[in-house]
Amino acid sequence: MTQMHSIPTVTDVPSHVAIIMDGNGRWATERHLPRTAGHIRGVRAVRRAVEYCVRHHIAYLTLFAFSSENWRRPPEEVGLLMKLFVKSLQKEVSKLHKNNIRLRVIGDLSAFSSELQTLIHAAEQQTIKNTGLTLNIAANYGGRWDILQAMRRMIQERPELLNAEIEASDFEPFLSMADMPEPDLFIRTGGERRISNFMIWQLAYTELFFSDKYWPDFSAADFDEALAWYAQRERRFGRTSAQLQET
């Protein structure tokens, strides 16, 4: 029988927050601006979120920046997103490093330009020894892709498992964020109520918070609201409320 994870330590402040930063395009459209203007303003909200997590001692922040499905968007919008990614890496990495923040980019990076791949590798190497917040940027990432790539790697590196009963503990080390705790709190802005192929495996026991605010408008006060909601959640992990009272 497959055993469940050990029960994680639960505190009022999440250790790992994962965010789908939704609503940039709609924010711009409602202001009669090109959708690209919303993405540019969204970068400011990223800075606010990073600063918030540092102030509140949140150890991990994972941002869904570009999904594997986002390639279907208009070419000019995709091109702008790629340019923003390059510009942000060139401009922000030194600040992250100065503030002891480690940057990691999670996803299938092979689809990106050689320039962007080089910048990503350099940024990760520059910040690899930092011990403060770990900032994960999910780019060309999908939850199904993550599971498939983990399965392929497991079969390649541990072929003996093909003739065994595979446990979660065999499989999970090959996921792209295997060395981090699973998210405690998931936030999606923009009014949608779905996880959209984001961290499918890792969100199994995550608390899901949905905000109607568009990402460019998501403020520290909105983050406060999400954390206050999280602090009131009863995280049972299969146990009863009575059992929680006994611990």
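## Helices α3 and α4

In this predicted model, α3 and α4 cross in a left-handed way. Helix α3 takes in residues 75–98 and helix α4 residues 114–127. Their axes sit 10 Å apart, and the packing angle is about 15 degrees. Angles under 35 degrees count as roughly parallel, so that's the label for α3 and α4.

Which residues in α3 meet α4? They are Met82, Phe85, Val86, Leu89, Gln90, Val93, Ser94 and His97. On the α4 side, you'll find Glu115, Leu116, Leu119, Ile120, Ala123, Gln126 and Thr127. Sort the residues of this contact by class and you get nine nonpolar, five polar and one charged.

## Helices α2 and α7

Now for another pair: α2 (residues 35–55) and α7 (residues 220–231). Their axes come within 10 Å and cross at roughly 50 degrees, so α2 and α7 are oblique to each other. This crossing is right-handed.

Here, Ala49, Tyr52, Cys53 and Arg55 from α2 meet Ala220, Phe223, Asp224 and Leu227 from α7. How do the residues of this contact divide by class? There are six nonpolar, no polar and two charged.

## The annotated binding site

Next, something from a database record. An unreviewed UniProt entry puts the annotation "binding site" on Asp22 and Glu207. Of these residues, Asp22 is included in the lining of the largest pocket.

Technical notes
Residues are numbered from 1 along each chain as its sequence is written. This is a predicted model: local features need pLDDT of at least 70, side-chain atom pairs count only at pLDDT 80 or more; totals for chains, interfaces and linings use all residues. Side-chain values use heavy atoms; hydrogens and water are left out. Axes are lines fitted to C-alpha atoms, for helices over the stretch in contact, and angles run from 0 to 180 degrees between N-to-C directions. Helices (H or I, at least four residues) and strands (E, at least two) are DSSP runs, numbered from the N terminus. Angles under 35 degrees count as roughly parallel, over 145 as roughly antiparallel, 65 to 115 as roughly perpendicular and the rest as oblique. A crossing is left-handed if the near helix is turned anticlockwise from the far one by less than a right angle, and right-handed if clockwise. Contact means heavy atoms within 4.5 Å. Ala, Val, Leu, Ile, Met, Phe, Trp, Tyr, Cys and Pro count as nonpolar, Asp, Glu, Lys and Arg as charged, and the others, Gly among them, as polar. UniProt positions are given in the numbering used here, feature names are shortened, and annotations may be inferred rather than shown by experiment. On a 1 Å grid over the protein atoms alone, a cavity is a set of points where a 1.4 Å probe fits but cannot get out, and a pocket is an open set with protein on both sides within 12 Å along at least five of seven lines; lining residues have an atom within 4 Å of a point.
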